[in-house]
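Here is a short tour to read with the model open beside you.

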Amino acid sequence: MVYWQNPQDIQQLIRELTHSKIIWADTEVADWQTQKPRLSLIQVLSDRQKLTGKTGYILDVLDRPYLLTYFIQQIMVNQRIEKVFHNASYDLRFLGKSQAKNVTCTLKMAKQIGRDRLGVTNLKLKTLAAELCHFADIHPESQTSDWGQRPLSQAQLNYAKMDVVYLSQVHQYLLHKLEPEHPHYQDNFMPQEKSARSTALTATDLRVAFECPRLFYLGQRFGGMTLFFPPNEMGGIGNPFHDLAKKFTLLIQENPRFKDGLNLPIDQINPETVALQMQQIFYELVFLPYLQSAIAQEPKKIATLNQIWQGLQGLIRRYAEILVANRRDYSAEEVINKTFLGQELTIHHWFDLPDGKKQLVRGQLDSLILKRDRLCVVEYKTYEAADLTAQLAQVALYSYMLFQEKKQPVDSAVYCVLPEFKELLFSWEELAEKFHQLIPHKLAQMQQWLTWEPPQPNPPPPTPQPQLCEICSQRNKCQSFFAENSAQPPRQKVNYSPQPDGVQKGGLEENIAQQLIETLASFKINVDYLGAAVGPAFIRVKLKPHLGVKVAGLIKLSADLQVQLGINFPPMISPQAGYVSVDLPRSDRQVAQFESYIQRQQNPIDAAVKIAIGIDLDGQLIEADLSDPNTCHFLVGGTTGSGKSEFLRSLLLSLLYRHSPDRLKIALVDPKRVTFPEFAQMRWLYAPVVKDSENAIELMTELVAEMASRYQRFEAAGCADIHSYNQKKLNQLLPRIVCIFDEYADFMAEKETRSELELSIKRLGAMARAAGIHLIIATQRPEAKVVTPIIRSNLPGRVALRTASEADSMIILGGKQTAAAYLLGKGDLLYQVGAQLQRLQSLFCAIAPRL
């Protein structure tokens, strides 16, 4: 327990205690036997799980009436905080008397139950602690010591710190006697004869269980770190960042200087200016003293301290943006307190599991804020998340638990502050629809894993993401423990030539590779196996032909391999640098869910505008930057069943999820009226969805006029492009415009229409990039008379889904690239930038988005 003597520190602590839901408190009084007793100490405990007093506080308030008054104003009269005392009538003589609200007296509770029923000698706190909760080594003699002397002895401080520990446990015991099902008792009562290991799980446990069941098991059984850290990750950042972030959110509510930038009329408030002012104030008042102290103690920490400040700058910038947005609803005086509702709040909930059992889950969320009209729980991350699904599970849990308490929807956000600030947003509706229902099933699964004991069969399964093993904090422990104690036989491995670093290994790809090599050998084609990589739709086997074996001879065997291997599509065989890749379709094809790769977030003004293309063999999302001359405009082709419509939808959603309507406008052309029906009323629309040729020509003409108008603005402002213009004209931002033109071939039947559209596309393709206008032209029929040389030459980016013929493939990709005719369909695609060709899997959004 910390002994607080500095008045400023005590006031800061009192402010932090205002965020507690319940505290256990006691007092020590000097000159108690005289007519003028003086309050000497206030002892407070806010975490009832700690039986040693290490998380409690001793506040020295002797002859400091201003501190006593502050404690009464902030804590005692606060109806939201439950205050538990043993002999409350005595303590309240010094702590607000009748002003005190929401006070619980354990002496009254004990009297209500009765001494006989309790089976105790008397109802004093120390007696109840010893006889009901089995505490030992209780020394009551310090009660009569001189609390007016300074300094206090260590014996006095030890006595003072344990009082509130005894109080918290006695309180839980009495609650149980009065109300056996009371959640306070079930949640927290831990008399010393019970196991010190609580059966409760935490929100962090749930995240770890999603990342790796075995790491969850090891953490529960043996303790230790349960994190995934890349080798170049800088340590020692998390705790100080969280402490400083909390200090910022508390200081901003107390110091009036932070309101200065918010006092202007709302249309004159610049979020960047507000952020800079707040950063400067916080640096001056908090971070600079912290920096100087830390460097004096350990000069080598300067790099870590710079990283912490970088993360804090990003956090303050985002909070400034939220405050400016909330300023539309609240005055400058009230907006800060209305926005920041709580820091490091502790929450808990009992979950009903599918098997009829219950599971208690606790969590401590970093921050609770108000964003316009919605509550939002915020979780800070000072490292790049290894598994976004696991992060989603954690914040989904927080939102659900808060909903149970507050009975109103709670959105969630993950602020990944390093290496650069990223915000992952999840609405209550998204979490409720896709995740909340999964939580009880996962908790039941976690309970089952914890019952496993070696050498029983069926241990907790390994991580579904093998790449995490390379950065696991308990990798060696996991390998040795489960190898020694699992009753399952080890997997048989095929011995091939050594694999390069980074190539995934596993039974599925090795078995397929074995069949492939044996089949090629039957055709007198001898190769070495260099490894395999598994994508959602296919497995890429890497082979090195022996000397004298021609690659062309291997490529000609595509149809024979389809027959011999019994696969539905011929394998795609391509020469690569140092090997030949053979892409074999998976029988258990997976779906690349949109929500697993892209989350809602508001990118900053200067963020690159990127569109999602697809997932590569390393499981990474490949995106195209629309400001890049090689990917500023796109030609997309794919026949029926290729997944073209879903590709366009995921591409569109990847823009909407990350850019607000004031920074991005979308123009849609949908002649068949089936690709974008749910987007017809969205706020991002540049113009109503176009469904006929006349309006299509009108739209393209408007875009050409808009391009010309923007170049006139750039010239007047002395800017070269939209990026530099928006940097200079923060109050006159120009949104980027993305035009997605589906089924372009439907408009090419009439010569007059074709000529006008081609002319507009030519002008936009040649000049619109710098103006922030981008074209995505898609068609099912990429025939030569539809996709003319004029069109192809002005659309540098190419995406080919499965085409109806090799000729169509060559029109989309150029040259003699016929591979698109042999793709698998359903989002299997080829992405071409310049001479580079990548095979990817398009994202799939199964649920209609809420926009």
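## Overview

How many helices and strands are there in the protein chain? There are 27 helices and 25 strands, taken as DSSP runs (H or I of at least four residues for helices, E of at least two for strands) and numbered from the N terminus. This is a predicted model, in which local features need pLDDT of at least 70 and side-chain atom pairs count only at pLDDT 80 or more, while totals for chains, interfaces and linings use all residues. Residues are numbered from 1 along each chain as its sequence is written, and side-chain values use heavy atoms, with hydrogens and water left out.

The protein chain has 851 residues, of which 53% count as buried. Here buried means under 20% relative accessible area, exposed means over 50%, and partly exposed lies in between (1.4 Å probe, protein chains only). Among contacts in the chain with a separation of 6 or more, 67% join residues 24 or more positions apart; a contact means heavy atoms within 4.5 Å.

In soluble globular proteins, nonpolar side chains tend to be buried together. The term nonpolar core stands here for a set of buried Ala, Val, Leu, Ile, Met, Phe, Trp, Tyr and Cys residues joined through side-chain atoms within 4.5 Å. The largest such core holds 55 residues, and Ile42, Leu59, Phe71, Met76, Leu118 and Leu174 touch the most other members. Helix 7 (residues 154–178) gives the largest share of this core, nine residues. Apart from it lies another core, of 46 residues, which includes Leu635, Met700, Cys739 and Phe747.

Not counting residues up to four places away in sequence, Ile42 touches Asp26, Tyr57, Ile58, Leu59, Val61, Leu68, Phe71 and Leu95.

## Helix 23

Helix 23 runs over residues 693–717. At the start of the helix, a side-chain oxygen of Asp692 comes to within 3.3 Å of the backbone nitrogen of Glu694. After the helix comes Gly718, whose phi is positive, near 70°.

Which residues of helix 23 are buried? They are Ala696, Ile697, Leu699, Met700, Leu703, Val704, Met707, Arg710, Phe714 and Ala717. Their cover includes strand 20 (664–669), helix 24 (722–728), strand 21 (736–741), helix 25 (751–767) and strand 22 (773–779).

Ile791 sits in helix 26 (residues 789–793) and is buried, with a relative accessible area of 0%. Leaving aside neighbours within four places in sequence, Ile791 is in contact with Tyr744, Glu758 and Ile761. The C-alpha atoms of Ile791 and Gly765 are separated by 8.5 Å, although these residues are 26 apart along the chain.

Arg207, in helix 9 (residues 203–211), also counts as buried, because its relative accessibility is 4%. Beyond four places in sequence, Arg207 contacts Thr226, Leu227, Lys381, Tyr383, Ala390, Gln391 and Gln394.

## Backbone details in the loops

Asp63 has a positive phi near 55° and lies in the loop between strand 4 (56–60) and helix 2 (65–76). Glu743 has a positive phi of about 50° and is found in the loop between strand 21 and helix 25. Asp63 is exposed, with a relative accessible area of 52%, whereas Glu743 counts as buried at 4%.

A cis peptide bond joins Arg150 and Pro151, with omega about 0°. Pro151 belongs to the loop between helix 6 (125–132) and helix 7.

## Cavities

A search of the whole structure finds two cavities of 30 Å³ or more. A cavity is a set of points, on a 1 Å grid over the protein atoms alone, where a 1.4 Å probe fits but cannot get out, and lining residues have an atom within 4 Å of a point. Points are joined across faces, edges and corners, and a volume is the space filled by probe spheres set on them.

The second largest cavity has a volume of about 30 Å³. Its lining consists of His242, Ala245, Lys246, Gln343, Glu344, Asp366 and Tyr380.

Notes:
The expected span of a helix is 1.5 Å times one less than its number of residues. A polar contact is a pair of N or O atoms within 3.5 Å; within protein, one must be able to donate a hydrogen and the other to accept it, and residues adjacent in sequence count only if both atoms are side-chain atoms. On a 1 Å grid over the protein atoms alone, a cavity is a set of points where a 1.4 Å probe fits but cannot get out, and a pocket is an open set with protein on both sides within 12 Å along at least five of seven lines; lining residues have an atom within 4 Å of a point.
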